[in-house]
Amino acid sequence: MLTKRIEHPNGLRADDFPDEGLLERLPQVRGKMIPNEPLAEQTWFRVGGPAEALFRPADEADLTHFLAHCPADIPVTVIGVASNLLVRDGGVPGVVIRLGPAFSRIKIDGALLTVGAGTIDLNVARSAQASGIAGLEFLSGIPGTVGGGIRMNAGAYHREFKDIVVQADALDRQGNRHTLFHNQIGFSYRHTTAPNDMIFVSAMLQGEAGDPDEIAKRMQDIQKSRAASQPIREKTGGSTFANPDNDPQKRKAWQLIEAAGCRGLKIGQAKVSDKHCNFLINTGKATAAEIEHLGEEVRRRVREKFGVELRWEIKRIGVTAQERIS
Ligand SMILES: Cc1cc2nc3c(=O)[nH]c(=O)nc-3n(C[C@H](O)[C@H](O)[C@H](O)COP(=O)(O)OP(=O)(O)OC[C@H]3O[C@@H](n4cnc5c(N)ncnc54)[C@H](O)[C@@H]3O)c2cc1C
């Protein structure tokens, strides 16, 4: 078992970005623009450094104005509720955007839902159930937002966003609005080919008429099954690696990780979950570096033992503590 704790040089962990006048270069906005905002508490892993600036747009017009006037050299990163994200310890340079209440509306017309990209998946599932719309129950098992779900093509219980998205509206880095139809989003397993700079702002989701009681029952079954099989009360980022498509024996990521002897493996306070070994856990005060090193160690062992390259499903953003001080 690995127990080495990774210390940061000079004890640096989540210190502030030096004030180099970023805010003065940014356009005036109506929403909140907060410099040096810690992100760790806003992520499921509870690790990572600050955003150089965190922007919570007041509404879509505010976001459009910001993007249209934000200098092109300033990096812009959008996050949902960071349930599939590892924010590195040195923080995220530039502006991090988090969509707020103005992006959390749900409108229902027959079995078609128009939802803001910041809406929590569970709330979409609950609204659909209350309106007798079936086919969206799986959303109750994914602890993210609609925007993050589209980007990741998140899925569970044999359904994924690919199966319900009719179209999505998105803003590009210059603030131009695009309507992307289903085939333009380029859905594949836990991946989309929509350009990286696209920020989804809303989506149309298609369900079908169903019985509210039966839908509620399926949602309960999903919740129970998740609680039994996933460490959902832990500080985690969900499935760490996508299931590989190049294993001759078609094993899932967790099966390879298990067979490589990684269940329970630890680096510092980061640990491979005992309950579901494709989940990494922050057992207390882990750093993002420890979690990332643990993931890389798992990849190395699986590669050495089976010749299979695991692909990170978790998105890693920002810079390491070392990169910040060098
Ligand atoms: C306990 C647990 C269980 C999980 N179970 C599942 C599961 O069963 N199935 C599954 O697929 N996933 C699962 N996940 C992972 C995660 O919940 C999903 O990937 C989710 O869709 C991520 O949504 P988010 O809003 O948190 O996005 P984030 O984690 O914040 O971001 C993920 C990616 O989406 C991008 N993004 C976020 N919002 C937008 C937007 N508006 N426009 C464009 N890009 C955006 C980000 O830039 C980033 O690249 C689980 C996670 C946890 C912690």
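**Exercise 1.** Determine how helix 3 and helix 6 are oriented to each other.

*Solution.* Helix 3 and helix 6 are roughly antiparallel to each other, a term for angles over 145 degrees, where under 35 counts as roughly parallel, 65 to 115 as roughly perpendicular and the rest as oblique. The model is a predicted one, in which local features need pLDDT of at least 70 and side-chain atom pairs count only at pLDDT 80 or more, whereas totals for chains, interfaces and linings use all residues. Residues are numbered from 1 along each chain as its sequence is written.

Step 1. Helix 3 (residues 121-130) and helix 6 (residues 212-229) pack at about 155 degrees, with their axes 8 Å apart. Axes are lines fitted to C-alpha atoms, for helices over the stretch in contact, and angles run from 0 to 180 degrees between N-to-C directions. Helices (H or I, at least four residues) and strands (E, at least two) are DSSP runs, numbered from the N terminus.

Step 2. Helix 3 contributes Ala125, Gln129 and Ala130 to the contact, and helix 6 contributes Pro212, Ile215, Ala216 and Met219; contact requires C-beta atoms, placed from the backbone, within 7 Å.

Step 3. By class, this contact has six nonpolar, one polar and no charged residues. Ala, Val, Leu, Ile, Met, Phe, Trp, Tyr, Cys and Pro count as nonpolar, Asp, Glu, Lys and Arg as charged, and the others, Gly among them, as polar.

**Exercise 2.** Describe the sheet of five strands and the helix that lies across strand 6, strand 7 and strand 15.

*Solution.* Step 1. The sheet is open, with antiparallel pairing and the order 6-7-15-11-12; strands pair if DSSP finds at least two bridges between them.

Step 1. Strand 6 (106-109) and strand 12 (177-181) each have a single partner strand, so one side of each is left without a neighbour in the sheet. From one strand to the next, the twist averages 15 degrees.

Step 2. Six bridges join strand 11 (residues 165-171) to strand 15 in the antiparallel sense, and valine 165 stands opposite leucine 205 of strand 15.

Step 3. Helix 3 lies across strand 6, strand 7 (112-116) and strand 15, at about 30 degrees to strand 6.

**Exercise 3.** Characterise the contact between domain 1 and domain 2.

*Solution.* Step 1. The domain assignment gives domain 1 (12-101), domain 2 (103-226) and domain 3 (243-310); such bounds come from an automatic or database assignment. The C-alpha centres of domain 1 and domain 2 lie 24 Å apart.

Step 1. The contact takes 15 residues from domain 1 and 16 residues from domain 2. On the side of domain 1, helix 2 (60-69) and strand 3 each give two or more residues, and helix 2 gives the most, with five.

**Exercise 4.** Which domains give residues to the shell around the ligand?

*Solution.* Step 1. Both domain 1 and domain 2 give residues to the shell, so the ligand lies between them.

Step 1. Of the 33 residues around the ligand, Gly80, Gly144, Gly147, Gly148 and Gly238 come nearest; a residue counts as near if its C-beta atom, placed from the backbone, lies within 6 Å.

Step 2. Strand 3 (76-79), helix 4 (146-152), strand 9 (155-156), strand 15 (199-206) and strand 17 (235-239) each supply at least two shell residues. Helix 4 gives the most, with five residues.

Step 3. The shell residues divide into 16 nonpolar, 15 polar and two charged.

Methods: Two residues are in contact if their C-beta atoms, placed from the backbone, lie within 7 Å.
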